[in-house]
Amino acid sequence: MALTLPPCPPSLKTIQHFLKLATEHDTRDPAISYWSRLTALQTGLTLDKSSKEALAVLLPLMDWLEKEKTDNQDNEAIAHEVVASAHVENYAMKLFLVADKQDRAANFGKNVVKCFYSAGILFDVMQTFGPLTPENAHYRKYAKMKAAYIHNCLKNGETPIAGPLADGDDEDNEGEEPNEEHQDDVHAMPVNPPSAPAPATAPAVAPAPATAMSNMNISNPGTSATLSYDKVARAQKLCKYAISALDYQDTKTAVENLTKALHLVQTGEELE
């Protein structure tokens, strides 16, 4: 359900990008719209919850969120935080990887800026579910830095540098945000996006003991268990750790994490 709000007062300026992203996704992805507006509300309440102008925005926003959650109890990406966290993370990564592919191919334009910028905002939204992992914190910083950098280059008539920038360039661009002219709707995203640049440090994942690995039964790959939301999220994390390890050519850690994920999906139990 769409929501019309009055303009944000200066005290709530920092929540405008969450509200804009939510409006863009009212019909495209209601879950993204819901969690973006929830982040806007939570942030707004810490900034100004007393002025008349702020309450004119926050109170209708609060009412909308309550009604939306009641009306979407069958939408797990709204009703259940574990599923929602995975949904927002996956969507943010899709945007990031679309932008990264175009950036590395030197196909610069407003849509690349928009994808990087929106991904950065969605990683901010993810903090609603708890602290970001080091990997996601890296992607958030990189996305925002790249959005600002490409935007500034295009504005100044310069040709951006494709791919990761040299050390120090992120500090030069950090904190700058693209103007509204570079925030058009994001185009359709490919189903199988490419790999993203590796984070500064690989996630710390303890390798499985050799005995546990050798005793594991994976002879029937069709076997599967009924998993709780928490275990689904854990299996997804293990797969992402494996992908990150491959960014470093660390096939041993990749195999270990994929094996753990397979065991969890098959048996419903984690390897120690």
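**Figure 1. Surroundings of F116 in the predicted model.** F116 touches F96, A99, D100, D103, Y142, A143, K146, A147 and I150, leaving aside residues up to four places away in sequence. Contact here means heavy atoms within 4.5 Å. The model is predicted: local features need pLDDT of at least 70, side-chain atom pairs count only at pLDDT 80 or more, and totals for chains, interfaces and linings use all residues. Residues are numbered from 1 along each chain as its sequence is written, and side-chain values use heavy atoms, with hydrogens and water left out.

**Figure 2. The largest nonpolar core.** This core has 53 residues. F96, F116 and L122 have the most contacts inside it. A nonpolar core is a set of buried Ala, Val, Leu, Ile, Met, Phe, Trp, Tyr and Cys residues joined through side-chain atoms within 4.5 Å. Buried means under 20% relative accessible area, exposed over 50%, and partly exposed in between (1.4 Å probe, protein chains only). At least two core residues come from each of α1 (16–24), α2 (30–47), α3 (52–71), α4 (76–79), α5, α6 (110–125) and α7. Helices are DSSP runs of H or I with at least four residues, and strands are runs of E with at least two, numbered from the N terminus.

**Figure 3. Packing of α5 on α7.** Helix α5 (residues 81–104) and helix α7 (residues 134–155) pack at about 45°, with axes 11 Å apart. Therefore α5 is oblique to α7. Axes are lines fitted to C-alpha atoms, for helices over the stretch in contact; angles run from 0 to 180 degrees between N-to-C directions. Under 35 degrees counts as roughly parallel, over 145 as roughly antiparallel, 65 to 115 as roughly perpendicular, and the rest as oblique. From α5, the contact draws on E89, M93, F96, D100 and D103. From α7 come N136, Y139, Y142, A143, K146 and I150. These contact residues divide into 6 nonpolar, 1 polar and 4 charged. Ala, Val, Leu, Ile, Met, Phe, Trp, Tyr, Cys and Pro count as nonpolar, Asp, Glu, Lys and Arg as charged, and the others, Gly among them, as polar.

**Figure 4. Crossing of α1 and α6.** The axes of α1 and α6 come within 11 Å and cross at roughly 110°. That makes α1 roughly perpendicular to α6. H17, F18, K20, L21 and E24 of α1 meet K114, Y117, S118, I121, L122, D124 and V125 of α6. The contact comprises 6 nonpolar, 2 polar and 4 charged residues.

**Figure 5. The whole chain.** The chain holds 11 helices and 0 strands. Of its 272 residues, 44% are buried.
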